[in-house]
Amino acid sequence: MNAFPSHQLPLHDADAERDADQALREHAGQARHWHLADLFAGDPERFQRLSLSACGLLADFSKQRLDPATLDKLRGLATARGLDAWMRCLFEGGEVNWTEGRAAMHWRLREPDRAEGEDDPVRDQLARMERMVTRILSGQWRGCEGDAITDVVNMGVGGSDLGPLMASVALHEHRPDRGKRPRLHFVSSMDGSQIAPLLDELNPATTLIVLSSKSFTTVDTLSNAATARYWLEQAFPDRNGAVLRCHFIGVSAMPERMSEWGIHEDNQLLFWEWVGGRYSLWSTIGLPIALTIGMDGFRELLAGAHDLDRHFREAPWEANLPVLMGLIDVWNLNYLDITARAVLPYDGRLKHWPAYVEQLEMESNGKSVDRDGELVDYHTCPVIWGEVGPNAQHAFYQLLHQGTQPVACEFIAAARHGRNGNSAELQPLEEQHTLTLANCLAQSRLLALGDRALEEGGDTPAYKRYRGNQPSTTLLMDELTPYHLGALVALYEHKVFVQAVLWGINPFDQWGVEMGKKIAKDMIRVLENGEGSDGLDASTRALAGYVRQQQT
Amino acid sequence: MRIDMFGDTLCAMVTAAAFAQSGHRVRWWLPPGRVARALDDGRVLYQEPGLAELVTAQRRAGRLDCRTDEPGLADPNGEPAVSEPAPVVCLALQPGDQDRAGHLADWAGRGGARLLINQSVFPVGSTEELQARLREQGAATPVVCLPDTLQEGMALSSFTRPHHLLLGCDDREAEVLMREILRPYNRRRDVLQVMQPREAEFTKVAISGMLATRLSYMNDMALLAEELGVDIDVIRQGVGSDPRIGEAYLYAGCGFGGPGFSRDVMNLTDTLRRRRVGAELLEQVLQINERQKEVLFRKFWRHYEGEVDRRRVTLWGAAFKPGSDRVDNGPALRLIEALWAQGVDVHVHDPLALPELAAWARDKGTLTLHDDPYDAARDSDAMMLVTEWKAYWGPDWDDLKAAMRTPLILDGRNIYDPAYVTRQGFTYYGIGRS
């Protein structure tokens, strides 16, 4: 199946790349002096030329500091970097994760089910998950006392937390067609600050714990799991076997480790090495999402992502959303030297979207070694942060409007807010939605045009002036549904891949994270008994000493 | 007097038969269904003492005319009805049948009926809505409410020798006529309480709510009894002997159900919520009851420590109460669903309710139904006593034990003596007994 083993990955054309880069540098020399207000004034068709829609998403790039010629040149660079070959490599299951010798086939998780009788582990695990979801939603998943489960706690961190949390919150309005969904809780932090107050509130007889960990060795998750297990076994001391059987589900790529921990075989959900953690919400890691929106909703989420996969593979680059988004990010970072990006959803339901994107992009592309093992001499991923837009307006927008740093912004909103129920009662809510969208459009306009978005005359004092020219992309979903969210997430995933190809880095490993986990283990001994502190630097040694002193 | 009765509820049957017995000539219009079909076959579906005999006798005497045709009222164009209404028209329809009640009221009004009696259990205010509807159409027929307060199990005597009678009526003439009709049942002393129609309807559901509250209260006490290691039945007798409380509706068990009583409580809860009064107490009452319907399942689950896949379970009784063929809202349904979901093979015996149960189970799952209770128990890992039919009170313990794979009794109505059953070699769990 593997047409691209890691030693046969696509090459790039170094000469063509140098030329394309040079052309972009010269172009950028002019573009640095452009102001968005002038660009709009000079081209009434600018929106038509620089916007695009696919899979229920409209992307407006016309508030970026570029023109159609810029995009041509960027596509030239992508060609030189072998983007088309890399895309084939990704979708043919090549070892695009070359440092770990693995494929990255998250797209495979959202392909339509293979026919019955054909081997299809993805379909089989989804069916297994569906049985569990049905049992929980119908009130027939029983605790060890025979009570119906009312609360589900997802324990996971990173990809096993951020994706399910983001999507479950975003889609909370979409109820399952049948059954009653349990209350969902997410526990990720290793310090116990989330789990302790939660366990105080929950009834052990009606609580189900979902342990989500690809490796099933993540200390953050396993420490929370141990606490939950202790809590349950204390509550039902005479039902030890039934506690594990009735109250724990495991989701992992490592079934042996799940069994070792005590997860009953019937309660194990699998995914695979070829699914990266931060790309895993489409797999059985998405169990909390399926519990929120039902299996039908979950399949819509997959369908939206699958449609975007097809768009990415099939659409010409001129009309290819992930390709263009990726190229524009490269333009801003490497040619306009804009090293920060703000992610600004204008929709409270997307409140976890910034955190999700921070992980997806910075853990994927926060790298500096290329395919040849060389250190790169250009920037890769920008610094990304974000917040729900209307709230951020009262926090860091001041810096965007009048600070000294250029920041590329990303506005995300739903064009309409579909609601069920009594429209008369919800009229004020409709108005709130309109108010929010008005703020979204007004802010991107002011950031782009500066003073020229205003009508006031010329004698305004300097401290009241708006420089403008902050570039932004606006992404409008027709509506926030499982389908649209699936497409949106897949768009970002593929955009990240496009960028990685242009930067020549591997977006699917995270060696920087692995080392941190390891070194923390040694530090436990230092804190417990001072063992090994001699080898530490003066700062760490002193801090550890202070902590030990305070604890005694 | 000539009287038209509509509906196939127990209330319709009891009222029609009792009126006929008192000399009235009653036309009883039955909608198609099980009650009508049974009457066609010369049977009486409702198992109430004396009722079948009375219905048969009155039909034979010619005073009770059971009809399954329509009096021609379904015509919206004002065509003359096939039959003109009798002077008195009674509605004892199924809950939720308000639309039909409206059409029947129109017909009665157009035909100049002297009185329309609503006995159907509808939301509070429905009788007054019917009255307003007739008034709007210019009909002079007064509408009164005679709430169905029959006690199931003694329905006929509770109608003919009532302890109290509620009448919702705000029309002097109508009250005179009602008193005349009810005279045979109101002799020893006047037990008729006349109030506004909505007050009568409210009183009726408030009674149901109070009774349900007593049951759920006792079920909560049963949980405590298990914890304390005492028998809830001892507590029940003690509590019930206090005259401020009385003995009725204090039995702990595996939950109430049925088409009437539990429907009343749900309706009242809905009304409270809609009126934004809040229904905290009744919501708890219903929630406890729902929990209670699964109590036998939970005991079974705990006994086998959650390993119940492919086990076999026998239900004795599916009807929501003895004497009925109805299974609506009853604990049997919740139990069966819970057992199915765990892959348990379910076998059921019930003397009357199996056809209803089979109709409910169609398209849902597989049940094996048995005519013989011991056949039903064959190779079973647990016997759940759900309905306290008289025939279940004294089983042949040796035969039962020989039939079952595991001698485990889950007694949802506390009809067995735990010590005795245990001595017969069974493991026994009741409700509120350790």
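**Buried strands, cores and salt bridges**

Visitor: Which way do the residues of strand 8 of chain A point?

Guide: In this predicted model, A:A340, A:A342 and A:L344 point one way from strand 8 of chain A, while A:R341, A:V343 and A:P345 point the other way, and all are buried.

Visitor: What makes strand 8 of chain A mostly covered?

Guide: Six of the six residues in strand 8 (residues 340–345) of chain A are buried. Buried means under 20% relative accessible area, so each of these residues falls under that limit.

Visitor: How do you know that strand 8 and strand 9 of chain A pair?

Guide: A pair needs at least two bridges. Strand 8 of chain A and strand 9 (residues 383–386) of chain A have four bridges, in the parallel sense, and therefore count as paired. A:A342 stands opposite A:W385 in strand 9 of chain A. Between these two strands the chain passes through helix 14 (residues 353–365) of chain A, and this β-α-β crossover is right-handed.

Visitor: Which way do the residues of strand 7 of chain B point, and what does strand 7 pair with?

Guide: B:L165 and B:L167 point one way from strand 7 (residues 165–168) of chain B, B:L166 and B:G168 point the other way, and all are buried. Strand 7 of chain B pairs with strand 8 (residues 192–195) of chain B in the parallel sense over four bridges. B:L167 stands opposite B:V194 in strand 8 of chain B. The chain goes from strand 7 to strand 8 of chain B through helix 7 (residues 172–182) of chain B, in a right-handed β-α-β crossover.

Visitor: Why is the contact between A:R75 and A:D72 called a salt bridge?

Guide: The N to O distance between the side chains of A:R75 and A:D72 is 2.8 Å. The cut-off is 4 Å, so this pair qualifies. Both residues lie in helix 4 (residues 68–80) of chain A, three residues apart, about one turn of the helix. An α-helix has 3.6 residues a turn, so residues three or four places apart point the same way.

Visitor: What links A:R142 to residues of chain B?

Guide: A network of salt bridges links A:R142, B:E290, B:K293, B:E294 and B:R334.

Visitor: Which residues have the most contacts inside the largest nonpolar core?

Guide: That core has 121 residues, and those with the most contacts inside it are A:I249, A:W353, A:L485 and A:Y492. Helix 18 (residues 482–503) of chain A gives the most to this core, with 14 residues. Leaving aside neighbours within four places in sequence, A:I249 is in contact with residues including A:M132, A:W141, A:L208 and A:L287.

Definitions and conventions:
Residues are numbered from 1 along each chain as its sequence is written. Chains are lettered from A and ligands numbered from 1 in the order in which they are written. This is a predicted model: local features need pLDDT of at least 70, side-chain atom pairs count only at pLDDT 80 or more; totals for chains, interfaces and linings use all residues. Side-chain values use heavy atoms; hydrogens and water are left out. Buried means under 20% relative accessible area, exposed over 50%, partly exposed in between (1.4 Å probe, protein chains only). A crossover is right-handed if, with the strands pointing away from the viewer, the path from the first strand over the helix to the second runs clockwise. A nonpolar core is a set of buried Ala, Val, Leu, Ile, Met, Phe, Trp, Tyr and Cys residues joined through side-chain atoms within 4.5 Å. Contact means heavy atoms within 4.5 Å.
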